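Biologist: I am new to this structure and would be grateful for a guided reading of it. May we proceed by question and answer?

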Amino acid sequence: MEFRYLGNSGLKISEITYGNWLTHGAQVEQDVATQCVHAALEAGITTFDTADVYANTVAEQVLGDALKGQRRESLEIFTKVYFPTGPKGHNDTGLSRKHIMESINGSLQRLGTDYVDLYQAHRYDFETPLEETMQAFADVVRQGKALYIGVSEWNAEQLRAGYALAKELGIQLISNQPQYNMLWRVIEPEVIPASEELGISQIVWSPIAQGVLTGKYLPGQPWPEGSRAADKDGGAQFIEKYLTEEILTAVQKLKPIAEDHGLTLAQLAIAWVLQNPNVASALVGASRPEQIASNVAAAGVELDGSTMEAIDAVVGHLAQDDPALTKSPPARLA
């Protein structure tokens, strides 16, 4: 496993982060989830990402149980706050001081830890003054409940405003967690330049485009049984935008490039996002323990310029790169 600094900080995280969105507490049983976490640890992954909204808080509990007995100081545990949780009442959502303070306490209890290494704003909250949100985060840090602050899917303007307030309050905003892969490059025009300027790293989710970049979805063929595309309760809506005939045909053309480097398509896709120097880590999940070792093999892989150009020749024209697609809900969801 390789490690990279997260933003302009001294914190190092593993190039591959294990995330449990859509899996723990939902798609897989707890014993399998625990096996996946242990497989991640055995593969050298030290960084684990979750959120209070995943399976309505259950995913945090499952991750906390799976990490019991591990040396806490050897791990980097991340969670998030914003989306509705619990009974989803009028204050059970957003980035108000009330919701942040209550949420961090609930997350720590479920995760079985005194602190998280990174506490992230899961989206931007248009209904709460940013000053209120950042002051609450500053207090969470000063109380020792989080070491660093991050965000997820914030645009360049929001990153600059949040960073300025964080600096004023004496805390470190060091990361952003956006969707990023060969087919979804919306952070490249504005978010990445702003992040490089501010000393913020990306922890990217969906590096294999919800499984599309593994090549398992074939044009003109039924979706594989048990796959995300076939599971209406397991995130099928998140993958729909990739399931076009043109994209699926192009993905198959990436196979020779992957084979030339001794990689699977999934490994090629993960290695591709890690070539971006502003990316600190690629988030991967798993529904089976054996998937972990395969994904981890992408860490440390270097793709030369001609390989990156070959990939662009196949899928570059199909990639979304409109910065306006980096957006948060215009209003809270509860």
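This is a predicted model: local features need pLDDT of at least 70, side-chain atom pairs count only at pLDDT 80 or more; totals for chains, interfaces and linings use all residues.

Biologist: How many helices and strands does the chain have, and what is its radius of gyration?

Modeller: The chain has 12 helices and 10 strands. For 334 residues the globule rule gives 20 Å, and the value for this chain is close to that, so the chain is as compact as a globular protein of that length. The C-alpha trace spans about 50 × 40 × 35 Å along its principal axes. The radius of gyration is 19 Å.

Biologist: What percentage of the residues in the chain is buried?

Modeller: A residue counts as buried when its relative accessible area is under 20%. Of the 334 residues in the chain, the buried share is 57%.

Biologist: Which residue forms a salt bridge with Asp 49, and is Asp 49 buried or exposed?

Modeller: Asp 49 is buried, because its relative accessible area is 2%. The closest N and O atoms of its salt bridge are 2.7 Å apart, and the partner is Lys 80. Asp 49 lies in strand β4 and the partner in strand β5, so the pair ties together parts that are 31 residues apart in sequence. The partner is also buried, with a relative accessible area of 0%, and the residue asked for is Lys 80.

Biologist: Which helices hold Arg 110 and Glu 60?

Modeller: The side chains of Arg 110 and Glu 60 meet in a salt bridge, at 2.7 Å from N to O. The pair links parts of the chain 50 residues apart. Both residues are buried. Arg 110 is in helix α3 and Glu 60 in helix α2.

Biologist: How many residues apart are Arg 185 and Asp 312?

Modeller: Their side chains meet in a salt bridge, 2.8 Å from N to O. Arg 185 is in the loop between β8 and α6, whereas Asp 312 is in helix α12, and the separation is 127 residues. Arg 185 is buried at 8% relative accessible area, while Asp 312 is partly exposed at 35%. The number asked for is 127.

Biologist: What distance in space separates Pro 289 and His 38?

Modeller: Pro 289 lies in the loop between β10 and α11, and at 23% relative accessibility it counts as partly exposed. Pro 289 and His 38 are 251 residues apart in sequence. From C-alpha to C-alpha, the distance in space is 8.2 Å.

Biologist: Which residues gather in the patch of negative charge on the surface?

Modeller: One of them, Asp 322, is found in the segment after α12 and counts as partly exposed at 37% relative accessibility. The residues of the patch are Glu 188, Glu 190, Asp 321 and Asp 322.

Methods:
Residues are numbered from 1 along each chain as its sequence is written. Side-chain values use heavy atoms; hydrogens and water are left out. Patches are made of residues with over 30% relative accessible area and no salt bridge: like charges are joined within 9 Å, nonpolar side chains (Val, Leu, Ile, Met, Phe, Trp, Tyr) within 5 Å. Accessible areas come from the Shrake-Rupley method with a 1.4 Å probe; for residues, only the protein chains shown count as cover. A salt bridge is a side-chain nitrogen of Lys or Arg within 4 Å of a carboxyl oxygen of Asp or Glu. Lys and Arg count as positive and Asp and Glu as negative; His and the chain ends are not counted. The place of a charge is taken as NZ of Lys, CZ of Arg, CG of Asp or CD of Glu. Helices (H or I, at least four residues) and strands (E, at least two) are DSSP runs, numbered from the N terminus. Buried means under 20% relative accessible area, exposed over 50%, partly exposed in between (1.4 Å probe, protein chains only). The radius of gyration is taken over C-alpha atoms; the globule rule is 2.2 Å times the number of residues to the power 0.38.
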